[in-house]
Amino acid sequence: MNKTEIQEIIKSHFPSLNRDSVIILSKYASFRNLKKRTELISERKRHHSFYLILKGSAKAYYTKESKEVCSWFAFENEIVATIGAFNGLPSNETVVLLEDSKLLQFKTESIKELANTNLDISHLLNYIITEHAVFLEEKLYQLQFMSSEERYKALINVAPEILQKVSLTDIASYLGVSRETLSRIRRKK
C-alpha cells in the first residue's frame, strides 16, 4: 500500500483532519496485513505503536491465575491501544487478533510529538483518549449497576457482529459470567 492510499484511509477515518495533517500523519503510518492470533501488544511489555483496524477484530485480556480475562474487543474502524503502552509504560493487557486483519500502524511517540506542534493531531489524540475514557466509564457503570443479562444486551446492541467474531468463552469472560450463565442468558432471548 502506498502513501497516497494510506492518506486516503486516514482522511476517510478522521475527516476532521486537514490535508496537511493527513499528509504528516501518513509519514508515521504503515499498512499491516497480519494473521489471526498475532499479538499486537503483550502484557508487561512496552509497545511503541497503536493501530486502526481496517478489516478484522481484536481482543484485549489480562492474565489471572493462567486464565484470560477479556477486557475489551475492537472491530473495524476502531483504534487498538492500551493506555499504559500509549504512555510508554509496560502494558497491563495483551491484545491479540481474532482473525486475519488489515491494520494501519502508527508510531506512538512520533504522533505524540506531532501533537505538540499540530493542533489537528492534538485534537485527534484527545478524541481517541476521550473515547477510551467514555468506554471505561460505561463499562464501570455496567459492572456496578446492570445485571449480566442487561450487560449482554448492551454489548449486542453496540457490537452485533460480536457473535460471529468472538467465542462465547471470551464473551462470557468480558461480561464477568460463566459460560453456562451466558448460555442461559442467550436462551432467554
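1. Two strands count as paired here if DSSP finds at least two bridges between them, and strands (E, at least two residues) and helices (H or I, at least four) are DSSP runs numbered from the N terminus. With that in hand, F50 stands opposite F106 in β8. The strands concerned, β3 (residues 49–55) and β8 (residues 101–107), pair in the antiparallel sense over 6 bridges.

2. A word on provenance: this is a predicted model, where local features need pLDDT of at least 70, side-chain atom pairs count only at pLDDT 80 or more, and totals for chains, interfaces and linings use all residues. Residues are numbered from 1 along each chain as its sequence is written, and side-chain values use heavy atoms, with hydrogens and water left out.

3. Back to the sheet: it is open, has 4 strands in the order β1-β8-β3-β6, and its pairing is antiparallel. Which strands stand at the edges? They are β1 (29–34) and β6 (79–80); each has a single partner strand, so one side of each is left without a neighbour in the sheet. Helix α4 (residues 108–117) packs on the sheet and touches β3 and β8. Its direction makes about 55° with that of β8; axes are lines fitted to C-alpha atoms, for helices over the stretch in contact, and angles run from 0 to 180 degrees between N-to-C directions.

4. α1 (residues 3–13) and α2 (residues 19–26) pack at an angle of about 125°, with their axes 9 Å apart. The two are therefore oblique to each other (under 35 degrees is roughly parallel, over 145 roughly antiparallel, 65 to 115 roughly perpendicular, the rest oblique). On the α1 side, K3, I6, Q7, I10 and K11 meet V22, I23, L25 and S26 of α2, contact meaning heavy atoms within 4.5 Å. The residues of this contact divide into 5 nonpolar, 2 polar and 2 charged (Ala, Val, Leu, Ile, Met, Phe, Trp, Tyr, Cys and Pro are nonpolar, Asp, Glu, Lys and Arg charged, the others, Gly among them, polar).

5. Helix α8 (residues 168–175) is mostly covered, with 6 of its 8 residues buried (under 20% relative accessible area; over 50% is exposed, in between partly exposed; 1.4 Å probe, protein chains only). The buried ones are D170, I171, A172, S173, Y174 and L175. Their packing partners include β4 (58–64), β5 (67–74) and α5 (119–145). Just after α8, G176 takes a positive phi of about 75°.

6. Is S173 buried or exposed? Buried, with a relative accessible area of 18%. Leaving aside residues up to four places away in sequence, S173 touches E68, V69 and C70.
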